[in-house]
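The numbered points below follow the display.

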Amino acid sequence: MNANLSQPHPAEWEETEHLLPSVERELPAGRHQFHKERLMTRIHEDLRTTAPARPARTTRPRGPFLRRAVLLPAAACVLAATIGTGVHLLGPGDATDHGSGLATGPLLTTRIGVADPKGAPQLLDRISLASAAVPGPSPVRENQFVYIGSKSAGTHVRTDHGKSTLVSDELHQRETWSSPDGTKGWLIERGVTGPEGITLAGPTETGQAPTANLNAPTYNYLATLPTDPDALLRKIYEETRGKGRTPDQEAFTTIGDLLGGSYPPAALTVALYKAAAKIPGVVTVDDAVDAVGRHGVAVARLDDTSGLRTEWIFDSTTLAFLGERSVQVEGESGENGLIKPGTVVFTQAVMTRAIVDRIKEAPTGS
């Protein structure tokens, strides 16, 4: 669904000359926690060759803005932390209520909200107006840090000794601190880091200094992005060309990552919502629930190839951004079709965004 059918499709805009280099994105949409799982897969494969007690293979989406090189030096720390992470394994008999077609049982499951293919432009216009009335982050000094606190959980297929089961992660907290220029940062997340966390500073896996871009933004980089919705969407399509399953799904994914994983300036937030309204296939959903149980309305897009719908959740009254989730709504996915309609593959709630003076400093009231 394009807001202006007389305009060329955004994916057909010509590539400009002065784009920053994009980061290689190894899997298409449905990306949260990907880097964590890629690392854990490598660890499990190493364990398989040395101590075949519990070989395992997992398949999950990836996490926004986490560079694999950041996590590799912390492999030992991650493995120690994951040993203590609780998961719930679901047997085949618990997975689905075949009468209703919706997943049930103790895993992350949900009622599938009703999609309205015509309501997105109007809702996103209201959301952009509400967002414009809320001040964004104050000017950030170079010695300060952008703090983001969120809670998340997920469901994925795990194959152990040739047997596949669904695994649900426990809801857990994630905290990040990032300097405006991206040269300093810190991450604390159960199952990914130890209790003290790990640094987000340092070179890429090729040994180069990291370059800010849409998939690895810094606050200073976000402040340079165009706030005209057409120019912003054009840049998103150009910089993500060839990534993801389709250009439209990747553009929607990229905007969602920026909304849920960064702290954009107020004018850019408004532009992101207006740009999203121009992406074909964006719909509204009458009811969605974030990771901590807050109900709201959603702006969403269905990935036709996987049947997975990504939903951005907003408070029904204030239209404030609450979080994001990915729900299997059509067909089955995962090995042996274990992920049924109604399964929440990933859910996140953004709890706090603030500017703080030091790494590991939590904002008052968070």
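1. Phe 314 has a relative accessible area of 0% and is therefore buried. The term buried applies under 20% relative accessible area, exposed applies over 50%, and partly exposed covers what lies in between, with a 1.4 Å probe and protein chains only.

2. Some conventions apply throughout. The model is predicted, so that local features need pLDDT of at least 70 and side-chain atom pairs count only at pLDDT 80 or more, while totals for chains, interfaces and linings use all residues. Residues are numbered from 1 along each chain as its sequence is written, and side-chain values use heavy atoms, with hydrogens and water left out.

3. The protein has eight helices and 15 strands; these are DSSP runs numbered from the N terminus, helices being H or I of at least four residues and strands E of at least two. Of its 366 residues, 54% are buried. Among contacts between residues at least 6 apart in sequence, 68% join residues at least 24 apart, where contact means heavy atoms within 4.5 Å.

4. The largest nonpolar core contains 34 residues, and Ile 255, Val 299 and Trp 312 have the most contacts inside it. Such a core is a set of buried Ala, Val, Leu, Ile, Met, Phe, Trp, Tyr and Cys residues joined through side-chain atoms within 4.5 Å. Two or more residues each come from H4, helix H5 (219-222), helix H6 (229-239), helix H7 (247-261), helix H8 (266-276), S12 and strand S13 (308-314). H8 gives the largest share, six residues.

5. Phe 252 and Trp 312 are stacked, because their ring centres are 4.0 Å apart and their planes are at 0 degrees. Phe 252 belongs to helix H7 and Trp 312 to strand S13, so this pair ties together parts 60 residues apart in sequence. Both Phe 252 and Trp 312 are buried.

6. A second pair, Tyr 273 with Phe 314, is edge-to-face, at 5.6 Å centre to centre and 70 degrees between the planes. It links distant parts of the chain, with Tyr 273 in helix H8 and Phe 314 in strand S13, 41 residues apart. Tyr 273 has 4% relative accessibility and so counts as buried. Together with Phe 321, Tyr 273 and Phe 314 form one aromatic cluster.

7. The structure holds 15 salt bridges, each a side-chain nitrogen of Lys or Arg within 4 Å of a carboxyl oxygen of Asp or Glu. In one of them, the closest N and O atoms of Arg 111 and Asp 287 are 3.9 Å apart. Arg 111 sits in the loop between strand S4 (102-103) and strand S5 (115-116), and Asp 287 in strand S11, 176 residues apart. Arg 111 is partly exposed at 42% relative accessibility, as is Asp 287 at 22%.

8. Arg 141 and Asp 357 also meet in a salt bridge, 3.5 Å from N to O. Arg 141 lies in the loop between helix H4 (120-132) and strand S6 (145-160) and Asp 357 in the segment after strand S15 (344-356), so the pair ties together parts 216 residues apart in sequence. Both residues are partly exposed, Arg 141 at 46% and Asp 357 at 36%. Shared partners join the salt bridges of Arg 111, Asp 286 and Asp 287 into one network.

9. Lys 340 and Glu 332 form a salt bridge of 3.0 Å, N to O. Is Lys 340 buried or exposed? With a relative accessible area of 13%, Lys 340 is buried.

Methods. Rings of Phe, Tyr and Trp (its six-membered ring) pair if their centres lie within 6.5 Å; planes under 30 degrees apart count as stacked, over 60 as edge-to-face and the rest as tilted.
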